[in-house]
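Subject: Structure handover

Hello,

Please find the structure below.

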Amino acid sequence: VENYSQCLPIRLVDCYIVQEHTHMDWKRNGIDSFGKKREDSLVLHPGLDNTDSIVYNLSGKFANFSGEMIHVEGGFYDSSVEVKIYLDDELVYSSGDIALTTQAQAFSIDISGCTLMRVECSSTSYCMWGGGIIIDATLS
């Protein structure tokens, strides 16, 4: 396929994974901390001192990565997570703490020319039991 525009946008969960390091298996669906069901979204559950990461091969085919991040349903009241996005090993985005009570956080990142995108999720407090993040996003 020479022209990718007819295939866009593509869901993050449908992109080609070249490497994953996850504390628990990642999922495609989840319920966020406000009770909304999120279909075809990346759901990660990092351990207390274990950063989850997934590396995607984008092969320079995309220009934009956008969507929302929100805490999953459950976890302790003080649970929070942080997401970092790296493009070709350069940090380009950090969410800061996303807690159970944080509304969905919109993001949009220019990924033009990027070959590898690494999504990292870490726990900034004890959210191991039911805590985590939902990344509801597309690439275009």
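Is Lys37 buried or exposed? Lys37 has a relative accessible area of 55%, and the cut-off for exposed is over 50%, so Lys37 is exposed. Please bear in mind throughout that this is a predicted model.

Salt bridges

Side chains of opposite charge can pair when their charged atoms come close. Searching the whole structure gives nine salt bridges. One of them involves Lys37, whose side chain meets that of Glu39 at 3.1 Å, N to O. Glu39 has a relative accessibility of 43% and counts as partly exposed.

Arg38 forms a salt bridge with Glu68, with 2.8 Å between the closest N and O atoms. Arg38 belongs to strand β4 (residues 37-38) and Glu68 to strand β7, so this bridge ties together parts that are 30 residues apart in sequence. Arg38 is buried, at 4% relative accessibility, whereas Glu68 is partly exposed, at 29%.

Another bridge joins Asp136 to Arg11, where the closest N and O atoms are 2.3 Å apart. This pair links distant parts of the chain: Asp136 is in strand β13 and Arg11 is in strand β1 (residues 10-11), 125 residues apart. Arg11 is partly exposed, with a relative accessible area of 23%.

Aromatic rings

A pair of aromatic rings is described by the distance of the centres and the angle of the planes. The search of the whole structure finds two aromatic pairs. In the pair of Phe65 and Phe107, the ring centres are 5.0 Å apart and the planes lie at 65°; the cut-off for edge-to-face is over 60 degrees, so this pair is edge-to-face. Phe65 sits in strand β7 and Phe107 in strand β11, 42 residues apart, and the pair thus links distant parts of the chain. Both residues are buried: Phe65 has a relative accessibility of 0%, and Phe107 has 6%.

Phe107 also pairs with Tyr93, at 5.8 Å centre to centre and 45° between the planes, and this pair is tilted. Tyr93 lies in strand β9 (residues 90-94) and Phe107 in strand β11, so the pair ties together parts 14 residues apart in sequence. Tyr93 is buried, as is Phe107. Phe65, Tyr93 and Phe107 together make one aromatic cluster.

A ring also features in a contact of another kind: the charged end of Arg118 sits over the ring of Tyr86, 4.0 Å from its centre.

Nonpolar core

Which residues have the most contacts inside the largest nonpolar core? They are Phe65, Ile85, Met117 and Ile135, in a core of 28 residues.

Met117 is a place to look at the packing in detail. Leaving aside residues up to four places away in sequence, Met117 touches Leu12, Ile54, Val55, Tyr56, Leu58, Phe65, Ile85, Tyr86, Leu87 and Leu139.

Regards

Methods
Residues numbered from 1 in each chain as written. Predicted model: local features only at pLDDT ≥ 70, side-chain atom pairs only at ≥ 80, totals over all residues. Heavy atoms only, no water. Core = buried A, V, L, I, M, F, W, Y, C linked by side-chain atoms within 4.5 Å. Buried < 20%, exposed > 50% of the residue type's maximum accessible area, 1.4 Å probe, protein only. Contact = heavy atoms within 4.5 Å. Phe/Tyr/Trp six-rings, centres within 6.5 Å; stacked < 30°, edge-to-face > 60°. Helix = DSSP H or I, 4+ residues; strand = E, 2+ residues; numbered from the N terminus. Lys NZ or Arg CZ within 6 Å of the ring centre and 35° of its normal. Salt bridge = Lys/Arg side-chain N within 4 Å of Asp/Glu carboxyl O.
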